[in-house]
Amino acid sequence: MHDLTPITALGGTTPRVDTVGDVTLTEVPNVALASVAARLGQESACAKKLKSLLGATVPEPGRAAIGRDYAALWAGPDQWMLSADFDTHEDIAVHVKSHFSNTASVTEQTDAWTCFDLMGPRVNAVLELLCNIDLTGFDTGHATRTGIHHLGCFVIRTDARQSVRIIGPRASAGSLHHAITTAMVAAL
Amino acid sequence: MTQKNRLAGGQLDRDTTLSFTFDGKNYSGHLGDTLASALLANNVRLMGRSFKYHRPRGPLTAGSEEPNAIVELRSGARQEPNTRATTAELFDGLSAKSQNRWPSLAFDAMAINDRFSNFLTAGFYYKTFMWPAAFWEKLYEPIIRKAAGLGSLSMQADPDEYDKGFRHCDLLIIGAGPAGLNAALTAGRTGAHVILADEDFRMGGRLNAETLAISDMAGADWAAQTVAELASLPNVRLMARTTVIGAFDHGIYGAVERISDHLAKAPRGKPRQILWRIYAKQTLLCAGATERPIAFDNNDRPGIMLAASLRAYANRWAATPAQRVAIFTNNDDGHRTAQDLHAKGVKIAGVIDTRPDAPRALDYEVLQGAHVTDTKGRLGLTFVEVACADGSTRTIECGALGVSGGWNPNVHLTCHQRGRPTWDDDLAAFVPGGTLPPGMVVAGAAQGIFSTHGALKSGADAARKALGLKGRAPAVPDAKDSPVIQTPFWYVEGCSRAWLDQQNDVTVKDVKLSHQEGFRSVEHLKRYTTLGMATDQGKTSNMGGLAIMAELAGKPIPEVGTTIFRPPYTPTAIGTLAGRMRGKEFHPTRLTPSHYWAEERGAVFVEVGNWLRAQWFPLPGETHWRQSVDREVTATRASVGVCDCTTLGKIDVQGTDAATFLNKVYCNGFAKLAVGKTRYGLMLREDGVAMDDGTAARLAEDQFVVTTTTANAAKVYQHMEFVRQCLMPDADVQLISTTEAWAQYAVAGPNSRRLLQRIVDPDHDISNEGFPFMACGNITVCGGLRARLFRISFSGELAFEIAVPARYGDALMRKLMAEGEEYDVTPYGTEALGVMRIEKGHAAGNELNGTTTALNLGMGRMVSKAKDSIGSKLSERPGLNEAKALMQIGLRPVRADDKVTAGGHLMNATGPVDAAHDQGYVTSAAFSPTLGCMIGLGFLKDGGNRTGETLRLVSPVTDLTVEVEVVSAHFVDPEGERVRA
Amino acid sequence: MRYSGFKVIKEALTGHKGWKPAWRDPEPQAHYDIVIIGGGGHGLATAHYLASVYGQQRVAVIEKGWIGGGNVGRNTTIIRSNYLLDGNEPFYEFSLKLWEGLEQDLNYNAMVSQRGIMNLIHSDAQRDAFIRRGNAMILNGADAELLSEAQIRQEYPFLNFDDARFPIKGGLAQRRGGTVRHDAVAWGYARAADSRGVDIIQNCEVTGFRIENGKCLGVETSKGFIGAGRVGCAVAGNSNRLMAKAGMRLPIESHVLQAFVSEGLKPVLPGVITFGAGHFYVSQSDKGGLVFGGDIDGYNSYAQRGNLPVVEDVCEGGMAIMPMIGRARLLRMWGGIMDMSMDGSPIIDRTHIAGLYFNGGWCYGGFKATPASGYAFAHLLARDEPHETATAYRFDRFRTGHMIDEKGMGNQPNLH
Amino acid sequence: MIINHPLLGPRDSAEFVYLGAAELMNRPDPETASAEDWHGYAYLRDNPAGVHRELWFHEGGDRSILIVTRDTTTHEISAVELARKPRAQT
């Protein structure tokens with residue numbers, strides 16, 4: 001075991017939690033991420049592999065799917081972002097690559113991103129100040145990449161009314177956190 | 001403190017009395033008042049001064065079309081110039097000042113302009129102020145500038161916050177008058193997602209200002225009841241205090257919601273206003289109509305206002321500007337005002353109706369076929385002069401005059417995509433034209449339907465049409481009024497100083513002069529006279545000007561031109577359009593993985609794009625940045641230094657065609673690069689000019705890690721996606737950015753390997769033999785953490801770049817510092833990095849400035865002729881290959897103490913110093929602690945053949961001329977022995 | 001009719017009966033020596049200099065709509081000559097000198113106001129680039145001044161110094177830069193040209209060129225054929241549409257640039273200020289409005305209107321650098337069609353068709369160039385050789401690789 | 001503006017980066033093209049007032065480059081397709 005202590009994207013050793021009214025924002029560092037992009041001509045083979053890895057249907061454009069150990073969201077044509085628990089899947093890219101073999105290019109993305117869960121009954125009031133998503137049709141399992149204060153982020157509806165997960169660029173975690181908490185105060 | 005002109009009734013909360021000040025004087029009003037209604041109730045008619053002549057002015061209207069009653073609201077940093085008193089909601093403690101007057105509103109010294117109005121006609125300034133030539137800027141212009149303008153800015157940063165947001169709907173309804181409300185009801189009951197937006201703080205539109213009944217209840221009560229039902233529908237969102245400011249492409253509307261303008265202060269963390277971007281599948285415009293004035297001499301005195309506004313003040317706000325009021329009208333609507341005011345106990349001094357057959361009234365005198373010809377009253381109306389039908393004249397005493405010239409549909413938003421309204425002869429008005437913004441339909445008075453019943457019906461019909469509803473239409477609530485019949489009557493014969501644009505002081509006379517001088521199209525008229533250019537955007541003035549021009553030109557109005565409206569519908573605070581992106585949040589900030597550690601070390605940071613990078617790390621006792629930077633350079637070259645270079649873009653390029661792909665995007669060859677090796681690459685734009693440089697490390701047969709400069713990371717990624725998707729769609733290659741995933745540190749200096757050997761796990765051989773210059777590979781560090789190691793050097797020293805997952809970057813930096821103590825390891829910042837790369841002669845952003853080619857950079861031979869790559873063909877053009885092309889060179893001052901300045905130009909040692917004799921320029925300069933003098937890089941004509949030559953470096957803008965010697969750009973270790981050590 | 005102080009007073013006292021139309025409204029003649037297509041600033045200036053400097057007697061300007069209705073009628077009114085490259089700087093400096101004498105030349109007060117222009121510096125690399133530019137300006141005979149942060153604080157105390165995301169580190173000033181009342185430029189040139197006999201023909205659309213044996217003989221218009229010895233095209237954003245009628249493709253794209261004006265305010269800004277770390281520049285008009293703008297929208301467009309993202313982007317820049325304007329209100333926004341060239345620099349050149357000449361590719365910098373553009377185009381039309389300040393503005397520079405790329409953005413017009 | 005992404009549905013154009021005319025996809029054949037071909041490709045544009053085919057990069061979304069057919073006089077979009085055709089998933 002190596003002896004390096006990680007810090008969260010916000011610079012702490014423990015995840016940051018902020019609550020405004022009935023909505024809570026939680027920093028979630030224990031997410032391992034890997035990008036999977038099908039190789040040319042291997043698109044269907046790759047999708048099959050993905051299905052078997054997830055144990056769930058391969059997510060279509062604009063959707064995410066949660067499987068047993070892995071979740072996946074559609075990131076582009078024949079391209080997905082896989083996530084798993086960091087504590088058990090820190091080496092996600094190695095595992096996933098061996099699963100997909102030559103059907104896909106796999107790239108570790110864990111620390112390219114920072115992950116926040118935004119939860120509470122009035123989460124939509126916060127979201128409409130942050131990003132351009134038609135929230136009326138944004139149901140559980142919907143996932144999209146969009147801009148939040150000039151930062152490209154994934155927004156995933158994890159529960160129809162209550163919660164979303166926001167995955168944004170790690171280096172800008174502070175700016176993203178500021179934008180979300182400011183919107184929480186403004187909206188709630 | 002008495003509200004002398006307060007009437008009975010109205011939609012005010014009489015239990016809540018609010019105190020406020022205007023020009024320092026205390027008044028009181030009620031919740032539900034606007035500043036204008038409260039001032040009128042307090043018998044204050046004079047509220048402002050006009051732009052040019054500084055004429056005394058009171059409100060003309062009761063809404064957002066107001067040209068006159070504009071004030072400075074609030075004080076201190078929240079001072080808000082040019083605020084319409086007619087829409088500013090009263091709150092307790094409100095303070096307002098009149099503007100554009102000195103020393104006081106009642107006595108304004110600049111009113112002298114009015115006496116000289118004969119000299120200050122339209123366009124007068126184009127014809128004069130030219131002699132002597134220098135006097136324009138020194139004398140005339142400063143005087144004009146001082147006199148011009150309206151309100152003042154506080155000169156302090158706006159302390160309020162603004163938000164922006166997004167909303168989506170099936171149907172956006174703009175305006176909550178009878179048409180809008182009934183449309184919302186119709187649509188809302190179907191379950192469609194509806195947004196109903198209204199600029200007023202109370203929905204209902206004209207219903208709140210009228211006494212007519214709907215379904216046997218007062219119109220205002222019907223409105224309130226309807227609003228209550230709409231509020232109960234989960235699929236309907238009511239947005240009061242929300243002005244839709246613009247109709248943009250594809251159903252995107254800008255709307256400004258005023259969140260706390262009606263409060264003394266915004267609650268902490270809450271915005272003052274929100275800019276909503278509303279994405280509407282369909283839009284229904286129910287914006288109503290604006291009453292139009294009639295021009296007659298001196299029609300601008302305080303107390304003269306639009307008749308329906310007078311009525312609105314009486315009915316909704318229980319206020320009247322005077323107890324004795326006259327009406328001047330050309331249609332029946334003016335009579336309604338007389339009736340309503342009379343019913344409220346206001347004395348009607350007479351109704352002057354231009355129509356010979358005007359209806360008579362029992363309660364007051366009607367002067368049929370009469371005209372108002374002039375008015376009196378210095379600071380407020382006292383008398384009107386009337387020309388009667390029989391040729392006699394009458395003087396009528398009154399403190400207010402309501403003027404009604406008919407109504408103009410509010411077509412503004414229909415024009416925002418450059419659709420033009422069409423002329424309706426029956427209405428003598430412009431109505432929404434053929435090309436509306438896609439998805440928009442119009443209903444109610446905005447469509448020219450001037451009755452309540454018609455508005456209710458057209459609102460419901462339009463909602464059904466917009467949503468594509470079939471079947472029987474539900475019954476329309478009963479309303480008994482008939483449409484106003486209006487005939488054109490624009491101005492009283494023979495008038496001259498009759499105001500059209502009250503704020504900008506454009507009179508009938510000015511329009512005539514404009515015609516006389518050939519400024520006859522609507523665009524020329526507008527520009528020459530400034531008609532319609534004031535803060536009310538011509539809502540009450542454009543039509544009159546157009547009508548007069550049409551008459552002068554002997555053409556029908558539509559042939560003179562149509563007025564076209566541009567966004568925003570009402571003026572919009574710049575702060576609202578900016579939202580939260582200001583101050584430190586103007587752009588997101590990107591922090592490097594070692595940021596918190598660097599902060600602890602007391603680093604000085606610098607903005608590099610959106611990144612914050614450590615610029616240098618001052619030690620105690622260092623008082624000047626140069627001391628720190630020189631020390632960092634010297635220590636690195638002597639032993640070992642560490643620099644966070646995470647900010648360099650990293651792109652993961654994978655696929656069986658990855659090498660082929662890189663061969664296309666780099667001008668030099670990559671096909672044969674061995675696995676485990678790194679190569680420097682130069683990327684050209686298709687036009688043959690250098691775009692970016694970096695390295696590509698081949699980690700596997702089908703995987704490269706490409707680095708870009710910090711500044712160009714996004715641009716290079718975009719370029720590579722273009723090549724991949726548009727030019728090589730059949731190549732097997734996949735791209736993804738990994739810039740932030742890895743904390744990457746340069747470890748440089750003769751002891752860099754020794755330091756790394758303490759960290760890299762022992763099963764990885766990083767000796768010179770096992771890991772030679774330009775090697776790369778996946779390794780583990782610190783007992784098993786996955787990492788990447790590249791043996792590349794920007795400093796010219798033996799150097800490596802090591803990368804670990806970003807979350808471990810902080811710990812790795814601390815580890816490097818701890819393990820490196822033995823070697824006096826020194827963290828260095830971007831300044832030392834820059835010094836070392838200049839000493840080594842590496843090109844960076846200053847050299848890759850978008851105009852330099854591989855040839856200029858001394859890398860002409862890198863452009864492979866053996867293959868096609870982006871930019872290779874066009875780089876062969878003669879202009880980019882001239883015999884004496886600029887070539888990158890090094891520069892040293894002839895006298896060691898002399899300064900070398902980046903941005904300086906190079907001239908021959910003798911001869912003229914001017915642009916024609918320019919030999920090149922200095923791109924980068926620094927003090928080199930290694931050489932003990934300043935050094936520079938630059939581009940010099942034929943630079944490759946001029947080594948040893950002495951030139952003059954001139955920089956007149958920094959007052960510098962020094963002699964410099966042309967030298968090799970590689971100041972340090974030109975043979976490259978250190979990097980291979 | 002000459003304008004003079006005496007004349008203004010006399011007319012004021014006699015009811016303004018004596019003012020005549022500023023220009024005539026003639027019917028087109030059958031043939032002119034030179035026909036200029038486009039009654040914008042550049043076309044009218046060309047006509048003026050053809051008549052006044054080059055002694056051309058038979059000149060017509062043909063305008064599709066009303067004169068001055070294009071970009072000269074809607075821009076942010078800035079004049080300056082703070083260019084970097086040798087191909088540009090002498091030309092723009094020549095233009096600035098013409099501005100300086102414009103009112104006397106035209107007998108029309110276009111309110112040339114040299115209140116200065118200031119480009120703010122926010123990084124060391126930017127300072128290096130601005131020093132190079134300032135030096136180029138001075139070496140070309142223009143004025144430039146490098147200001148320190150302290151000097152900026154003193155001159156512009158209302159800028160954001162203390163809470164800035166990108167701190168102000170200095171500025172490059174050109175004191176002779178400034179603003180001009182834009183409409184008056186078109187009207188002044190029109191009136192001056194008209195007084196020398198130039199026919200200004202409004203509401204006359206060119207529908208085609210009559211080209212025989214590689215020579216242009218005149219133009220087909222909505223008012224019939226008009227013969228011409230030489231035809232000069234100066235139609236800015238409509239260049240491609242017009243030149244397509246002569247079978248030409250151009251190194252130009254049309255893009256929308258939005259501009260903005262605030263409500264009138266008492267004087268707050270001394271001169272033009274350009275934010276170096278965002279897309280925002282601003283000045284204050286004599287009437288008191290803040291006149292400001294930023295980037296082009298970035299997509300090809302002839303629609304003369306833009307969209308919200310750029311409005312927001314510009315206002316964000318404004319608030320970042322000048323947070324005192326938060327409560328000032330944007331009054332009006334508009335969009336013009338910019339003839340964005342492939343290197344960001346203009347073209348004043350012959351075409352491959354004899355007798356057909358072209359002036360265009362001004363990007364969003366055409367207004368400040370108006371006098372020199374007119375002068376140089378007049379020179380080219382009269383003498384059939386380029387004016388000495390405009391020799392680089394050739395069509396074939398893209399073919400030969402002699403681009404004049406101030407911003408270093410390459411062949412992507414929307415980035416210039 | 002709103003671009004109807006073939007895979008993701010309507011998206012605000014602010015998420016995209018405009019790359020220019022779709023003709024940029026027709027890069028001359030380096031083996032056969034003349035200098036004039038290269039000049040035309042890199043520098044000359046039809047720039048029509050009307051229907052225009054152009055490239056938009058979905059930088060803030062799925063990184064696809066789209067070919068958008070848009071009227072430059074009205075901004076009306078009549079067609080949107082992927083520049084790189086999707087591969088069949090059999």
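Colleague: Which chains have the most contacts between them, among the five pairs of chains that touch?

Modeller: The model is predicted. In general, the size of an interface is often given as the accessible area lost when the parts come together. Here we count contacts instead, with C-beta atoms within 7 Å as the cut-off. On that basis, chains B and C have the most contacts of the five touching pairs.

Colleague: How many residues does each of chains B and C bring to the contact?

Modeller: Chain B gives 94 residues and chain C gives 84 residues. On the side of chain C that touches chain B, helix 5 of chain C holds the largest share, with ten residues. By class, that side of chain C has 38 nonpolar, 26 polar and 20 charged residues.

Colleague: In which sense do strand 31 of chain B and strand 16 of chain C pair?

Modeller: Strand 31 (residues 572-573) of chain B and strand 16 of chain C are paired in the antiparallel sense, over two bridges. Ala573(B) has Arg329(C), in strand 16 of chain C, as its bridge partner.

Colleague: What does the contact between chains A and D take from each chain?

Modeller: From chain A come 14 residues, and from chain D come 13 residues. Helix 1 (43-54), strand 5 (70-76) and strand 9 (143-148) of chain A each give two or more residues to the side that touches chain D. By class, that side of chain A has four nonpolar, seven polar and three charged residues.

Colleague: How far apart are the nearest C-alpha atoms of chain A and chain C?

Modeller: These atoms are 11 Å apart, and chain A and chain C do not touch.

Definitions and conventions. Residues are numbered from 1 along each chain as its sequence is written. Chains are lettered from A and ligands numbered from 1 in the order in which they are written. This is a predicted model: local features need pLDDT of at least 70, side-chain atom pairs count only at pLDDT 80 or more; totals for chains, interfaces and linings use all residues. Two residues are in contact if their C-beta atoms, placed from the backbone, lie within 7 Å. Helices (H or I, at least four residues) and strands (E, at least two) are DSSP runs, numbered from the N terminus. Ala, Val, Leu, Ile, Met, Phe, Trp, Tyr, Cys and Pro count as nonpolar, Asp, Glu, Lys and Arg as charged, and the others, Gly among them, as polar. Two strands pair if DSSP finds at least two bridges between them.
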